[in-house]
Amino acid sequence: MDILTEYGADEHFCAEAAVYPDWHLARVASQHKGLYKVVTNRGDMLAEISGKFRHDASGLSHYPAVGDFVMLSLPVGNAGHAVIRHVLQRKSAFARNAVGLEGQTQIVAANIDIVFICMSLNRDYNASRLERYLSVAWESRALPVLILTKADLCADLAKILDEISAIAPGVDVIVTSINDQSSYGSLRSYLKPGLT
């Protein structure tokens, strides 16, 4: 199996990548001050954006973000970095207002399939905060899954689950406890190759 498929390159991304036969598909794994670590079928490497890309980008949200699938040209031999030429269309994106740049949006992460929202059932549980987290997840177009931890410290689990079902109808909820090691088993169904 090709490594990019394991990293989530589905038919949609492969079809879009085929439009650029002279470039190579890669996924952005991290960003470091203008350089990007990308995963390719030829291994991990560093990449930078092209001058044309920089010139044509009309805002911060058009730059590559962690999770983006990009098209790049590979370095010749061992000299230099790969060069990112194009960002493929995102299927989901976590965004925020860019700090210090009024009216600009910064993409924090892209192409996330499932977002785990973890909340402790001790005194830290807060329904209003949970609603905000769910709103961010839904706005990103990722599937939210709620993981409730420390169930052994919760005095009235049924009441909280009723509250959550009113706030988040249809959202999968996994209740875990350190005293019940089997409670973590249902997480495995979400951890599959090809999903982020």
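Tutor: Let us begin with C154: its sulfur is 16 Å from the closest cysteine sulfur, in C118, which is too far for a bond. A disulfide is a pair of cysteine sulfur atoms within 2.5 Å, and by this rule the count comes to zero disulfides. Please note that this is a predicted model, in which local features need pLDDT of at least 70 and side-chain atom pairs count only at pLDDT 80 or more, while totals for chains, interfaces and linings use all residues. Residues are numbered from 1 along each chain as its sequence is written, and side-chain values use heavy atoms, with hydrogens and water left out.

Student: Is C154 buried or exposed?

Tutor: Buried means under 20% relative accessible area, exposed over 50%, and partly exposed in between (1.4 Å probe, protein chains only). C154 has a relative accessible area of 16% and is therefore buried, whereas C118, at 51%, counts as exposed.

Student: How is a pair of aromatic rings described?

Tutor: It is described by the distance of the centres and the angle of the planes. Rings of Phe, Tyr and Trp (its six-membered ring) pair if their centres lie within 6.5 Å; planes under 30 degrees apart count as stacked, over 60 as edge-to-face and the rest as tilted. The structure holds four aromatic pairs. One of them, F53 with Y63, is edge-to-face, at 6.0 Å centre to centre and 65° between the planes.
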